[in-house]
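Here is a friendly walk through one protein model, meant to be read with the structure open beside you.

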Amino acid sequence: MRYLIVSDIHSNREALEAVVDDAAGSYDRVLCCGDLVGYGADPEYAIEWTRANASQVVRGNHDKACAGLDDLEWFNPAARASALWTHQTIGAEDLQYLTSLLRGPAYEANCSMVHGSPVDEDEYVVNTADAVGIASYLETPVTLFGHTHLQGGFLVHRNGVLPFRPVGAREKSATVELDPDSLYLINPGSVGQPRDGDPRAAYALFWPEKRLVEYRRVTYDVAAAQRKIREAGLPGALADRLARGL
Ligand code: ZN
């Protein structure tokens, strides 16, 4: 079984379509680590694609906020504005789907799926110290996570924790062979709002039987996604940042 791993789609239809095109023929099932919506202008497309295609989904903090399940006091003004806009824009069936999404972890193919971390769905695992802090909570050889919008992850070995960020700015993909004596935190990166300085949409492919993870980046029509954000009346900063990948 081969998996397409996506996370942090953030209502970016152009980026999601580019990922699906790029990955075509390379996977059997889809796993989604949350944040289908928020920030972008195509929430219904992101929800309906995920609903139709993903075999497992865990909710993200923006999914909770856009569903009206969370108060917005911890959100910055742009995130808050987009959450309110999304809540008001999507239809009743899509709102019901968002509301029904489950908190992680979910499990598939001897992997755990979480949005933030196995300890707290809203926790950011950004650096080695963060990964060390949650290492004892890892339940499975591979934990898939998102939330940081940073493609890469961490190898957790008895001798320590090593971060990795595999795909260089001039590369389209990089494959990581998983060591059977280590645990892995795998972040596919963000489909719809990358923040690692690379504006290309990010995702990963995973072959559990072969112990291989392939990280990929793909260009998409950033200008179209930006135009829709502005036309929807969403904060311009949410459009601007897509060009920088920050
Ligand atoms: Zn996110």
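This is a predicted model: local features need pLDDT of at least 70, side-chain atom pairs count only at pLDDT 80 or more; totals for chains, interfaces and linings use all residues.

Strand 1 and strand 2 run parallel and are joined by four bridges. Together with helix 1, these two strands make a right-handed β-α-β unit.

Strand 1 also pairs with strand 11, this time in the antiparallel sense and over three bridges. Here Ile5 has Ala204 as its bridge partner, and Tyr3 stands opposite Phe206.

Strand 11 spans residues 201–207, and seven of its seven residues are buried. Ala201, Tyr203, Leu205 and Trp207 point one way, while Ala202, Ala204 and Phe206 point the other way.

Strand 11 is joined to strand 12 by seven bridges, and the two run antiparallel. One of the pairs to look for is Tyr203 with Arg216, its bridge partner in strand 12. The two strands form a hairpin with four residues between them, and Arg211 in the turn has a positive phi of about 55°.

## Helix 1 and what covers it

Helix 1 covers residues 13–23. Just after the helix, Gly25 takes a positive phi of about 85°.

Which residues of helix 1 are buried? They are Glu14, Ala15, Leu16, Ala18, Val19 and Ala23. The cover over these buried residues includes strand 1, helix 2, strand 11, strand 12 and helix 7.

## The zinc site

Now for the metal. Which residues coordinate the zinc ion? Asp8 and Asp35 each contribute an OD atom, and His10 and His149 each contribute NE2, at 2.1 to 2.2 Å. Along the chain, these donors follow the spacing D-x1-H-x24-D-x113-H. His10 sits in the loop between strand 1 and helix 1, and Asp35 in the loop between strand 2 and helix 2, so this pair ties together parts that are 25 residues apart in sequence.

Why is the arrangement around the zinc ion irregular? The four donor atoms subtend angles of 86 to 176°, whereas a tetrahedral site would need all angles to lie between 85 and 135 degrees.

His10 has a phi near 50°, a positive value in a residue other than glycine. Asp35 also has a positive phi, near 60°, and is likewise a residue other than glycine. His10 counts as buried because its relative accessibility is 1%, a value under the 20% cut-off. Asp35 is buried too, with a relative accessible area of 1%.

## Ser11, next along the loop

Ser11 is found in the loop between strand 1 and helix 1. With 2% relative accessibility, Ser11 counts as buried. A polar atom of the Ser11 side chain lies 3.5 Å from the backbone nitrogen of Gly38.

What does Ser11 touch, not counting residues up to four places away in sequence? The list is Leu36, Val37, Gly38, Gly40, Ala41, Asp42, Pro43 and Ala46.

A cis peptide bond joins Gly104 and Pro105, with omega of about -5°. Pro105 has its place in the loop between helix 5 and strand 4.

Finally, turn to Arg227, which lies in helix 7. Is Arg227 buried or partly exposed? Its relative accessible area is 49%, so Arg227 is partly exposed. From C-alpha to C-alpha, Arg227 and His87 are 20 Å apart in space, and they are 140 residues apart in sequence.

Key: Residues are numbered from 1 along each chain as its sequence is written. Side-chain values use heavy atoms; hydrogens and water are left out. Donors are N, O and S atoms within 2.8 Å of the metal (3.2 Å for Na, K and Ca); water is not among the atoms, so sites may look incomplete. Four donors count as tetrahedral if all angles lie between 85 and 135 degrees; four count as square planar and six as octahedral if opposite donors are over 155 degrees apart and all others between 65 and 115; anything else is irregular. Buried means under 20% relative accessible area, exposed over 50%, partly exposed in between (1.4 Å probe, protein chains only). Contact means heavy atoms within 4.5 Å. Two strands pair if DSSP finds at least two bridges between them. A crossover is right-handed if, with the strands pointing away from the viewer, the path from the first strand over the helix to the second runs clockwise. A polar contact is a pair of N or O atoms within 3.5 Å; within protein, one must be able to donate a hydrogen and the other to accept it, and residues adjacent in sequence count only if both atoms are side-chain atoms.
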